[in-house]
Amino acid sequence: MNTNDYDAIVIGGSYAGLSAALQLARARRKVLVVDAGQRRNRFASDSHGFLTRDGQPAAAIAHEGRANVAAYPNVAWHDGLAQGARPDADGFIVDLDGAGSVRGKRLVLATGVRDELPPIEGLAERWGRSVFHCPYCHGYELDEGRIGVVASGPLSVHQAQMLPHWGQVTLFTNGVCPLDEVQRADLAERGVQVDETPVARLADHATVVLTDGRREAMAGLFTFGRVHMASPIAGQLGCAFEEGPLGPYIRTDETRQTTVPGVFVGGDAMRAASSVALAVADGAMAGVGAHRSLLFGLAPQH
């Protein structure tokens, strides 16, 4: 790909990136979408909680979204990675794998996050299938059955406190989630059982195998991991970060502009909570924010 000038370069072509690109495309801006094809929810078969698309395959929603954006002749695509980005006098230069460099007046980062899962045997291969992190996305389908929370740290208490609306909850503290008397009383009042035997591994659909040999079969399991930026580009550009309960996220203002003027962000990279619906909303705001800055100038750095 030769060096070209774009009004905006959107790095990340999942739900947030596509939503941002759609706003810019409809504003008749020249847009490049850079997409390496690594959706965070690629491990989950279906997506829930997104109005008009509830229960549909997550991949199909992303595919249809790309088709919507690709219908605009002012949108170009690079199917691959953005290896780096840097400012220049007219905006930003983005280096693409195997395709040279491109220049954009604005950047929209929809680069997402990478999940670091708890190191429990059998967990990774069940992630997104019978082990989840978001009850709003996957809790209803467990049909009020037995739900296990496999603790990964103190935040797991909060997760266990939330889940009784979706089923019969057991918190497996696994030696990493000590409970005080107030927490024990609160969990008991909510009907949450506590099992403090360490977890040996996960088996079958969602069975917790404990070190004393017991096997607790569950309808589904929930846990928290750590999150990390899936791309180094925000850090390369000098964007400021906030520290969330599970890891860092990029600081933005109400227009989704970062602390680097001209760089906007949407999706999981800029908020502690995550879902397809939130990613689409954030992406739309980032796209509108980028377009308005092209019209009226950049807001001051915050």
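Biologist: Hi! What counts as a polar contact here?

Modeller: A polar contact is a pair of N or O atoms within 3.5 Å, and within protein one of them must be able to donate a hydrogen and the other to accept it. Residues adjacent in sequence count only if both atoms are side-chain atoms. Keep in mind that this is a predicted model.

Biologist: Noted. Which backbone oxygen lies 2.6 Å from a polar atom of the Ser-130 side chain?

Modeller: That is the backbone oxygen of His-205. Beyond its sequence neighbours up to four places away, Ser-130 touches His-205 along with Ala-206, Gly-220 and Leu-221.

Biologist: And where is Ser-130 found?

Modeller: Ser-130 sits in the loop between strand E7 (113–116) and strand E8 (131–132).

Biologist: Is Ser-130 buried or exposed?

Modeller: Ser-130 counts as buried because its relative accessibility is 3%, and the cut-off for buried is under 20%.

Biologist: Let's zoom out. How is the chain divided into domains?

Modeller: Domain 1 covers 5–114 + 226–296, while domain 2 covers 118–222. Their centres, taken over C-alpha atoms, are 33 Å from each other. Ten residues from domain 1 and nine residues from domain 2 make up the contact.

Biologist: How much area is buried between domain 1 and domain 2?

Modeller: About 720 Å², with carbon and sulfur atoms giving 59% of that. On the domain 1 side, the residues that lose the most area to domain 2 are Phe-43, His-48 and Ser-274, which together make up 61% of what that side buries.

Biologist: How many salt bridges are counted between domain 1 and domain 2?

Modeller: The count there is zero. There are two residue pairs in polar contact across that interface, though.

Biologist: OK, new topic: the largest nonpolar core. How many residues does it have?

Modeller: It has 29 residues, and those with the most contacts inside it are Ile-9, Val-94, Leu-96, Leu-107, Leu-237 and Val-263. Among the elements that each supply at least two residues of this core are strand E1 (5–11), strand E6 (101–109) and helix H6 (233–237). As a rule, nonpolar side chains in soluble globular proteins tend to be buried together.

Biologist: What does Leu-237 touch, apart from residues up to four places away in sequence?

Modeller: Leu-237 touches Ala-85, Arg-86, Pro-87, Phe-92, Leu-107, Val-260 and Val-263.

Biologist: I see Arg-86 in there. Which residue forms a salt bridge with Arg-86?

Modeller: Asp-95 does, with the closest N and O atoms 2.7 Å apart. Arg-86 is partly exposed, at a relative accessible area of 38%. Asp-95 also counts as partly exposed, at 22% relative accessibility.

Biologist: How many salt bridges does the count come to?

Modeller: The count comes to 21 salt bridges. One of them joins Asp-7 and Arg-29, with the closest N and O atoms 3.9 Å apart. Asp-7 lies in strand E1 and Arg-29 in the loop between H1 and E2, so this pair ties together parts that are 22 residues apart in sequence. Asp-7 is buried, with a relative accessible area of 12%, whereas Arg-29 is partly exposed, with 28%.

Biologist: Which residues are linked in a network of salt bridges?

Modeller: Arg-146, Asp-195, Asp-212, Arg-214 and Glu-216. Within it, Arg-214 and Asp-195 pair up with their closest N and O atoms 2.9 Å apart. Arg-214 is in the loop between strand E13 (207–210) and strand E14 (215–217) and Asp-195 is in strand E11 (residues 193–195), so the pair ties together parts that are 19 residues apart in sequence.

Biologist: Now the backbone. Which residue other than glycine has a positive phi near 55 degrees?

Modeller: Asn-174. Most residues other than glycine have a negative phi. Asn-174 lies in the loop between strand E10 (168–172) and H5, and it counts as buried, at 17% relative accessibility. Arg-28 is not a glycine and has a positive phi of about 60 degrees.

Biologist: Is Arg-28 buried or exposed?

Modeller: Exposed, because its relative accessibility is 72%. Arg-28 sits in the loop between helix H1 (15–26) and E2.

Biologist: Last one: what happens at the start of helix H5 (residues 181–189)?

Modeller: A side-chain oxygen of Asp-180 reaches to within 3.1 Å of the backbone nitrogen of Val-182 there. Just after H5, Gly-191 takes a positive phi of about 85 degrees.

Key:
Residues are numbered from 1 along each chain as its sequence is written. This is a predicted model: local features need pLDDT of at least 70, side-chain atom pairs count only at pLDDT 80 or more; totals for chains, interfaces and linings use all residues. Side-chain values use heavy atoms; hydrogens and water are left out. A nonpolar core is a set of buried Ala, Val, Leu, Ile, Met, Phe, Trp, Tyr and Cys residues joined through side-chain atoms within 4.5 Å. Buried means under 20% relative accessible area, exposed over 50%, partly exposed in between (1.4 Å probe, protein chains only). Helices (H or I, at least four residues) and strands (E, at least two) are DSSP runs, numbered from the N terminus. Contact means heavy atoms within 4.5 Å. Domain bounds come from an automatic or database domain assignment. Buried area is the accessible area (1.4 Å probe) that two parts lose on being put together, summed over both. A salt bridge is a side-chain nitrogen of Lys or Arg within 4 Å of a carboxyl oxygen of Asp or Glu.
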